[in-house]
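Please open the model in your viewer and keep the selection panel at hand. The tour goes from one selection to the next, and each stop says what to look for.

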Amino acid sequence: MLSFGFLVYYSHRVASSIQNPDMIGAIVDDLYIAAGGAHMAGPGEGTGAAPDDDAILRQADTGATVSCPKSGYLQHVDHGALVAAAHAADALIVLRFRPGQFVLRGEPLAAVVPADKHGTLQAAIDRGIHIGRHRTLTQDSEFGIAQVVEIAIRALSPAVNDTFTGVACVDWLADALLTLAERPPLEGNWYDTGSQLRVWMRPVRVERLVKLAFDQIRQAAATTPAVLIRQLDAIRRLAPRLPEACRQALSDQADAILEIASALVALDRRDLEAAWHRAHTAV
């Protein structure tokens with residue numbers, strides 16, 4: 001007969017496993033909303049041709065530096081206000097960090113080009129760039145991915161060993177990547193209504209998010225074939241729907257998963273190799 005204590009423990013584990021997909025799905029839902037809102041152009045903003053990022057960084061080296069007033073995570077860029085200020089000053093603001101990155105007090109936060117507009121724009125930059133103690137989803141697509149990955153690696157730890165949640169995380173991460181491919185992450189280029197670039201920030205590429213979504217879970221699931229096979233299945237399904245630039249990132253992930261197969265028993269290895277062939281064909 002099972003003890004009462006064991007039944008309570010087991011019921012709690014089952015309930016947690018059932019609730020986890022709801023929590024994971026909610027994170028992805030919030031990510032979708034945040035990704036859409038981050039791209040909404042404000043009053044006085046327009047569109048323009050994609051800039052040469054290297055050329056912009058060379059321009060920034062000729063500009064004046066605006067230092068970060070305090071340490072913390074860059075949470076939000078009020079690009080509408082910064083575009084308006086830069087347009088009025090006929091200048092370009094180059095941000096050295098993007099939302100989600102940690103900035104140390106005194107580090108170069110932005111550059112103003114030309115340098116003689118520094119005094120005009122210093123206050124606007126201080127108001128328009130929000131630094132806080134925590135990461136937020138507002139303009140930080142990587143944070144949404146990282147939250148789901150963290151749930152997965154905790155679920156797959158030896159102390160928990162919750163394969164069900166690990167698989168659910170892989171499923172929802174695939175949906176998150178699809179969402180971000182359909183509505184791309186923050187590009188970091190903001191223009192005035194005359195199509196003049198006024199604010200620049202290094203963009204987040206979907207291929208970087210692919211790596212973030214797969215790497216740590218693959219490592220944590222090295223002895224959990226069900227999760228590895230689910231990752232290969234996600235690659236197979238995503239490959240036709242993500243941008244061409246993501247194909248190499250997906251192929252690299254599939255090959256890395258295949259390398260793990262050598263440590264598995266023969267039956268599991270055959271299943272994983274079959275899943276790899278299906279993913280490789282799709283990629």
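Begin by selecting residues 79–89, which form helix H3, together with residues 118–128, which form helix H4; in this predicted model the axes of the two helices come within 10 Å and cross at roughly 175°. Because angles over 145 degrees count as roughly antiparallel, H3 is roughly antiparallel to H4.

Next, show the side chains where these helices touch: from H3 select Leu82, Ala85, Ala86 and Ala89, and from H4 select Thr120, Leu121, Ala124, Ile125 and Gly128, which they meet.

Now zoom out to the whole protein chain, where 10 helices and 9 strands can be found, and where the C-alpha trace spans about 80 × 45 × 30 Å along its principal axes. Of the 283 residues in the chain, 46% are buried, and among contacts between residues at least 6 apart in sequence, 77% join residues at least 24 apart.

How many cavities of 30 Å³ or more does a search of the whole structure find? The search finds 3, and the largest cavity has a volume of about 70 Å³. To see what surrounds this largest cavity, select its lining, namely Arg98, Pro99, Gln139, Asp140, Ser141, Glu142, Leu186, Met201, Arg202 and Val204; by class, this lining divides into 4 nonpolar, 2 polar and 4 charged residues.

How values were computed. Residues numbered from 1 in each chain as written. Heavy atoms only, no water. 1 Å grid on protein atoms, 1.4 Å probe; cavity = no way out; pocket = protein on both sides within 12 Å on 5 of 7 lines; lining within 4 Å. Points joined across faces, edges and corners; volume = space filled by probe spheres on them. Nonpolar A, V, L, I, M, F, W, Y, C, P; charged D, E, K, R; others polar. Axes fitted to C-alpha atoms, helices over the stretch in contact; angles between N-to-C directions. Helix = DSSP H or I, 4+ residues; strand = E, 2+ residues; numbered from the N terminus. Parallel < 35°, antiparallel > 145°, perpendicular 65-115°, else oblique. Contact = heavy atoms within 4.5 Å. Buried < 20%, exposed > 50% of the residue type's maximum accessible area, 1.4 Å probe, protein only.
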